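Hi,

Here is the structure I promised to pass on.

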Amino acid sequence: MAVEVAPQSAAPSLRRVRFALAMRSLRENWSLFLGTRIGVIGLAIILFYLVLALSHPILMNTVWDERIYDPVVGYAFDETRQPAPPSRSHLLGTDPLGRDILSQLMHSARSEFLLGLLAAVVTVTIGTTVGAIAAYYGGVVDTILMRFADLMVMMPGISILIVLSALIGVEHFELALIIGILSGFGGASILLKSQALSVVVKPYIEAARAAGGGPAHIIFIHIVPNLLPLSFLYMMFTVTGAIFSEAILSFLGLLDVRMSWGLMIHTTEAAGYLLQVGKYWWLIFPASLSITLLCSSFYLVGRAMDEVINPRLRRL
Amino acid sequence: MTEAAQATSSVDSRPLLSVEGLHKYFPAATSRFRRNERFIHAVDGVNFTLAKGESLGLVGESGCGKTTTGKMLVRLVDPTGGHVIFDDGVGEPTDIATLHGKPLKEFRRHAQMVFQDPYDSMNPRRTIFDTIAEPLQVQQVGSLVDRIDRVTEMLALVGLTPPRAFLFRFPHELSGGQRQRVAIARALIVEPSFVVADEPTSMLDVSVRTGVMRLMADLAAGLGISYLYITHDLAVARYMCSRIAVMYLGKIVEIGDTEEILRSPQHPYTRALLSAVPVPDPTVKRPPVMIEGGVSTVVNPPAQCRFYARCPLADDYCKTNDHPPLEHKGQEQIVACYKA
Amino acid sequence: MSGAPLLAVEDLTLHYATRAGEVCAVDGVSLTIEKGQALGLVGESGCGKSSLALALLRLQPDNAQILSGKVLLDGVDLVSLSDEAMRAYRWNRIAMVFQSAMNALDPVYRVGDQIIEALEQHVPSARKQLIERVQELYDLVNLDHSFIARYPHEYSGGMKQRAIIAMALACEPDLIIADEPTTALDVIVQDHILREFGNIRRELNMSMLYISHDMAVIAEVSDVVAVMYAGKIVEYGTAEEVFTRPIHPYTQALMSAFPSVTGEKHELATLGGEPPNPLGLPPGCHFHPRCPFATDICAEQEPPTVRRGEHWADCWNPPEEQGDD
C-alpha cells in the first residue's frame, strides 16, 4: 500500500477536525439525551451504583475493619445474634452467616457492572460483525450464519450454563463470555442483520463499490458505523439480560462466584429465611431491589437512547 | 451549454464504449432448492456505442431496464451475457463485461456513476471530504495531503465555494443541489473516461436543477468525459445529450440524434412518450396519447415485438414475427419497428 | 367570474414549532377558488405548499399551529369549526389526493372493500347500493369493474392513483385538493391521470386545488395559477397571464429554467443561490438574495403588490408592462 506519507502538519490537523466533529455530535446527542426524563432517571441510578461499587475498596481500606466487614469471610463480632437487624454499625444488618449486608451489596455492584458490560461488549461486537457480513454477502454465507443464529437462539441457555458450571466451574468472567457469545451469534446478529439489510441497499454502498471499495472497506467503513446506534442500544439491553441471568444462576447456586446479589438471596434461602420476608426484610430487599433497579436503569437508558437515535420517536 | 459537448464528440473514430448484445436476466422467483426457469428479461440484447466526449441519453419509463443497463457499464450489476468493449485509446481494448479482481478494481478508475437520490447516495456518517476522497482512498492514490488538495480543488470545480467551508461538513447539512454537486465531485475525482448519470437531477428543484445540468455539461466539455445520461424526462435529455436511445422493456427501440428524434420520432412508442410530455404553455393543447400507460415486467417474453400489446399500429405480422431488428430510418436514426 | 367564491382563504398563517426554532411555513396566504375553477399552486420543495393544503383540511401535524386567518368554504370558517364538525367537511365537501396516497391502500384488503368501508362512514346505505356506487366511480376514473375485487398489489402505480381518485370522488366533493398526485408516475400514466382529472372536473363541475412543483403540469391543468415562495404567494393570475406575462422574477426564472421538448431549444436560465432556509428567511423580499433585479430596498422592506388587472405579484422591481405580443 502506498502508505500515507503525510507531513506532520496535515495528518494531526485532520485528526483534530475529526475529533472536534465527534465531540460536537456527542454534545448534540447528550443534550437530546438529557431531554428524555427516563434516560436521566436511568443514568442517575447507574451512577448511584457506580459510586457504591467504587467506594467499597476505599471504605475497606479506611473505616471498615476487614475482619468484620469483609463481604465473604468477615463476621460481625459486635452483634450477638445473626442475622442482626440494621444498626448504627451495620446499616443494612448482617446475613445469617454474620456478614455485613451493605458491604456485600457494594462489593457485588462492581462485579455486576463488569459482568454486564463485558457480556454486552462481546455480544455487540460479534452481533454487529456477523450481522454486517451476513447482510453484505447474502446467499450461502447469510444462510449459514443465520441458521447458526437460529441454533443459538434455540439453545436453552440456563441448562447449558448448568452443565458448564458442573464441568468447568463458571465465574463472572466465563459467564460474561458465554452470555456474550450466545446472544452475540444469536439474537443480536439476527437483529443487526435486519438493520444492515436496510443499509446495504443504500446507493452509497453502490457508490463505494463503484469507487473500487472491497468487502472489508464496505463492511467496516459503511455498514458497521451505520449499525452502531442500534448496536449501542442493544448493548444496554444485553447488560440488563446479563445481570438478570447472573442473579438467577447464583440464586440457584450454580455459579462459582464468591459474592453477588443473587448469591445473597441464595444464602438467605439456604439458611431458611426466604419465606420470612416480613421479619427479616433486610436479607431480601437490598439485593433484590438492587437487581431490579440496576436492570431497569440500563433498560431506561436504552429506551432514552432509542429516542435520541430514532428521530421519529423524538418529541419536537 | 451543450454546444461544447457536441463539438468534442466524434473526434476519435473508435468509440470509447461498444456495447454488444448486453443481457441481464433476473430470476423471477428465488429458491435455493429448485432450478429456476423463469427469468425477468430486464435488459435483453442491447447494442450501442458511446464516443469519447459524447453524452448519450438513455430514455424510458420506470422498469424499462435503463438503470440496469447503466449499472452494468460500471459493473455494479454483472451482465448475464454480451460484451462491453472499453477502449480509451491508451490501454488495450478490454471487455469489461467479464472483468473481475484486480483489473476490475483498476477499471473502476475509468468509470464512475452519479446516482439519482442526493439524500441516500452519501453515507450520513462521513464528512464531505471522506465522501469525495473515497475513490482515491480505496484506490490508494496520493498521500493524505494530496487528497485534501484534490478534494478542495474538486469542490471549487463543482461550484461549492469556499471549498474549505464544505470539507468537514456532513451531508445532512447540505441542500439537495449541493449534495448532488458533491456526488459529481466524487465521481470525477478519479478523472474517469465516462460517467453513468442515473437521473441526477430528477429529485432536485427546478431552480437548482439547471445549475447542476449546466455544471455536468461544462465539466464533460472541459474534461472530455463521456456520459451515459439515464432519464425518464425527454426534455432534460434534450439539453444534456447529443444522441438519445429510447428503451422499452429491455430493448432499445429507437436511437439517434436528439433533435432528429424529437422532431420526427419514428417508433410508435417514442411518439407516445413524446406526446405525453406536458407543455409549460397553457395555450397549447396536446393531442391525446395513443397508448395505455404502465409497463409490466417481462418474464420469459414471447418471440414477438415487445411493444405489441400496447402498439396502436400492430398487426398480425408483428405478432407472428420476432422482435424487430434495429434498422436505419433517416440520417442517423435507427428504429426497431416493422411499421415505422 | 362573479358571485361568492367556493373557497376563500384569508390571511392564513401557519407556524411549526421545531427544536431548531419557530418556522413560518405559510405566511399570510390569501386566495380564492370559484366553483368549477382549477387553481394551480406551484412552488419548490419546502415553500409551504403542502403545509397550506394540509391546513385547509385542518390536517396539519401536531407541532403546527394555525396562528391566524380564515378558510371560508361557502362562507363557513373551517378554522373555527369543532373537530367533529370539521370531520363532516373532510371528504364530503373537500377531498384530497396526495402523492403518497398510492401507498395509502391497505395491502391486505381488496380495494373495493376499502372504498366501501370509507363510503359507509359518510353515506350509510345498503351494501348493494354501495357496490353500485363503487362501480360508477370506477367508470368515472376508467378502471375496469373486475379490479374492484382485487388487492392493491395487483394494481399498477397509475391504477392505484386512479382508485385513490375514485375514493376521493365518492362523496362528490365541491373541492378536490391534489398534492403532486402524478409526481411518482411515468409520463404516459401522468398524461392519462391529468386527462382524467380534467374530464371529471368538467363532468361534475368540481373545483380543484392542484399542487405541483412542475410548471408544465400546472400549465396544463390550471385556470388560475398561484406561485409560492418561502411561505408566501408571490404571484397570482390566470394561467395564460402568468405564463405569458410573468411579473415576479422568480416566476420568470422558473419558466426559463424549465426545459421543453417542443419549440426551439432555448438556453436554460440558471437561478443562483439555494432555496431559502425557513429558519432564517432573508429580510424584505425573501427572494432578493437570488433575484437578478434586486436593489437595496428589496433587502429592507417587504415588496408592494403590483396589480395588472386580476393578475398581481409582490415585487419592488417588476418588469415594464408589455403590450400584447
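This is a predicted model: local features need pLDDT of at least 70, side-chain atom pairs count only at pLDDT 80 or more; totals for chains, interfaces and linings use all residues.

Chain B first. Its secondary structure amounts to 12 helices and 12 strands. The radius of gyration is 21 Å, close to the 20 Å that the globule rule gives for 340 residues, so chain B is as compact as a globular protein of that length. Of the 340 residues in chain B, 54% are buried. As for contacts in chain B with a separation of 6 or more, 68% of them are between residues 24 or more positions apart.

Now the sheet. Chain B has an open one built from 8 strands, with mixed pairing, and the order reads β6-β7-β8-β3-β9-β10-β12-β11. The edges are taken by β6 (111–114) and β11 (327–328) of chain B, each with a single partner strand, so one side of each has no neighbour in the sheet. Further in, β3 (residues 55–59) and β9 (residues 243–248) of chain B run parallel and are joined by 4 bridges. If you'd like a residue pair to click on there, B:Gly57 has B:Ile244 in β9(B) as its bridge partner.

There is also a helix to look at against these strands: α2 (residues 66–73) of chain B lies across β3, β6, β7 (194–198), β8 (226–231) and β9 of chain B. Relative to β8(B), helix α2 of chain B runs at about 155°.

The axes of α4 (residues 101–137) and α9 (residues 215–251) of chain A come within 6 Å and cross at roughly 145°. The crossing of α4(A) and α9(A) is right-handed. Sorted by class, the contact of α4(A) with α9(A) has 20 nonpolar, 7 polar and 2 charged residues.

Last, chains B and C. Here 34 residues of chain B are in contact with 37 residues of chain C. On the chain B side, α8 (206–223), α9 (234–240) and α11 (268–275) each supply at least two residues. Which of the elements gives the most to that side? The answer is α8(B), with 6 residues. By class, the residues of the side of chain B that touches chain C split into 18 nonpolar, 10 polar and 6 charged.

Cheers

Terms used. Residues are numbered from 1 along each chain as its sequence is written. Chains are lettered from A and ligands numbered from 1 in the order in which they are written. The radius of gyration is taken over C-alpha atoms; the globule rule is 2.2 Å times the number of residues to the power 0.38. A residue is buried if 20 or more other C-beta atoms lie within 10 Å of its own, exposed if 12 or fewer, and partly exposed in between; C-beta atoms are placed from the backbone. Two residues are in contact if their C-beta atoms, placed from the backbone, lie within 7 Å. Two strands pair if DSSP finds at least two bridges between them. Axes are lines fitted to C-alpha atoms, for helices over the stretch in contact, and angles run from 0 to 180 degrees between N-to-C directions. A crossing is left-handed if the near helix is turned anticlockwise from the far one by less than a right angle, and right-handed if clockwise. Ala, Val, Leu, Ile, Met, Phe, Trp, Tyr, Cys and Pro count as nonpolar, Asp, Glu, Lys and Arg as charged, and the others, Gly among them, as polar.
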